[in-house]
Amino acid sequence: MFKLHDQLLADRSAVHEIISRKNRDWESLKNSSHSVEKSLIVEIFMDPLSSGFWGFSPFIRRLEMQYSAELEIVYRTSGMLISWEDFRDKPISCPLDMAEHWVEQATKYRMPMNSSVWLEHPPHSSFPASIAYKAAQLQDKFLANAFLRRLQEMLFIEGRNIAKWKVIRKAAADSGLDIEVLLLQYNNGDGLKTFAEDQKRSRQEGVQEFPTIHVHNKKGQVRILEPEFNWRFLRNTIIDLLPKANLNLQKTLWTVQECFVKFESLTFSELQELTGLEGQILYSELNKAENKGVLGSFGCSSGRVWRSLN
C-alpha cells in the first residue's frame, strides 16, 4: 500500500513537472518570437546545411502565407555537422556521400540541390553558418530569416560554401544586415552563446533529424512532427491545437503575383504548393513574368529559383 501511495505521489509529481516545463517552454518561446503574441508557436529544429530542412521549404512558405496571423515560427539551430571527423561512423561519412544523398533528396523533395558543392567546395562544418544566423537574430529577427534563406540559396542552388566568411558576408549584405554588427556579434561570443542554447534545447528534446517540428499552444499542449510528414498532417495538427472555424475559411491558394508580394524568392515546388497550378501552366506564367522583366531566375541542374525584380 505504501509503495502504491509513493508511486502515485511520484507520478503526480512527474505530471506537475511536465506541465510546469511546458508552461516554461511557452514563456521561453514567446521571448524568442519577434512580433505580437500569437496563438501558436511553431518551433523548427533545423540546420542550414540540412537538405531535409531545405526540402521542407514549400510547407514553411505555406505556413507563413496561410497562418501568419495565428502563428509564430521560431528556428532552432541544432548543429548537424561540427566536423567531418564526427561523421566517420555514420551512413553519410564524407562529402562524396553527401553529394550522392543530395541527388536523391532533390528528386524526393522536387527542390533544387546543387550536389557539386560537396565535390568542389565542401563545407567543413555547419557551425559557422548557424552561429552567423543566431548573431543575425540578435540584430534583426526579420532580416535574420531573409539571411537564412539567402544562405540556403547560395548553398543549394549556387553551390557555394556557406562555411566561409566571405560567403556569409555576401549573404548578409544581400539581406540588408549591418555586416560590421554581424561580424562583431559573431566574433564576441554572442552568436555562439545563443547557438549553444539552441543546441542544449535540441538535446533536451531528443532531436535527431531535421526538420523536427514542435507546435505549441497557450495551454501548454505540444504536437511533435518528425520528418516524412505532409502538408495535410501539418495543417491538421495546427487545427487540432487551435480549433477555430475561421481557420477552415482562410484562403488556401494564391496567384503567382500574390506569392511574390509576400516572398522575394520562390522555387518551382514552393510556387506549386502555394498556387496549386499544374506544371506547364505555372511555367507559362513564370516565363511571361520573366519576359516582362517582373521576375528573374537562376538555378542549377535540378531546379531554379525565381526572384522578384520589383
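Author: Buried means under 20% relative accessible area. Keep that cut-off in hand. This is a predicted model.

Reader: What share of the 310 residues in the chain is buried?

Author: Buried residues account for 51% of the 310.

Reader: How many helices and strands does the chain have?

Author: The chain has 15 helices and 7 strands. Take contacts between residues at least 6 apart in sequence: 68% of them join residues at least 24 apart.

Reader: How do I read a sheet? In what order do the 4 strands of the open sheet stand?

Author: Start with the order, then the pairing. Here the order is 2-1-3-4, and the pairing is mixed. Next, look at the edges. Strand 2 (71-77) and strand 4 (222-225) each have a single partner strand, so one side of each has no neighbour in the sheet.

Reader: In which sense do strand 1 and strand 2 pair?

Author: Strand 1 (residues 40-46) pairs with strand 2 in the parallel sense, over 7 bridges.

Reader: Which helix lies across strand 1 and strand 2?

Author: Helix 3 does, and it runs at about 150° to strand 2.

Reader: Now helix packing. At what angle do helix 3 and helix 14 pack?

Author: Read the angle and the axis distance together. Helix 3 (residues 57-66) and helix 14 (residues 268-275) pack at about 40°, with axes 8 Å apart. That angle makes helix 3 oblique to helix 14. Handedness comes next. The crossing of helix 3 past helix 14 is right-handed.

Reader: Which residues in helix 3 and helix 14 meet?

Author: From helix 3, find Ser57, Pro58, Phe59, Arg61, Arg62 and Met65; they meet Ser269, Glu270, Glu273 and Leu274 of helix 14. By class, this contact has 4 nonpolar, 2 polar and 4 charged residues.

Reader: Helix 14 also packs on helix 15. At roughly what angle do the axes of helix 14 and helix 15 cross?

Author: The axes of helix 14 and helix 15 (residues 279-291) cross at roughly 110° and come within 11 Å. Angles of 65 to 115 degrees count as roughly perpendicular. Helix 14 and helix 15 are therefore roughly perpendicular.

Reader: Which residues make the contact of helix 14 and helix 15?

Author: Helix 14 supplies Phe268, Leu271, Gln272 and Thr275, while helix 15 supplies Gly279, Leu282, Tyr283 and Leu286. This contact divides into 5 nonpolar and 3 polar residues, with no charged ones.

Technical notes: Residues are numbered from 1 along each chain as its sequence is written. This is a predicted model: local features need pLDDT of at least 70, side-chain atom pairs count only at pLDDT 80 or more; totals for chains, interfaces and linings use all residues. Side-chain values use heavy atoms; hydrogens and water are left out. Axes are lines fitted to C-alpha atoms, for helices over the stretch in contact, and angles run from 0 to 180 degrees between N-to-C directions. Helices (H or I, at least four residues) and strands (E, at least two) are DSSP runs, numbered from the N terminus. Angles under 35 degrees count as roughly parallel, over 145 as roughly antiparallel, 65 to 115 as roughly perpendicular and the rest as oblique. A crossing is left-handed if the near helix is turned anticlockwise from the far one by less than a right angle, and right-handed if clockwise. Contact means heavy atoms within 4.5 Å. Ala, Val, Leu, Ile, Met, Phe, Trp, Tyr, Cys and Pro count as nonpolar, Asp, Glu, Lys and Arg as charged, and the others, Gly among them, as polar. Two strands pair if DSSP finds at least two bridges between them. Buried means under 20% relative accessible area, exposed over 50%, partly exposed in between (1.4 Å probe, protein chains only).
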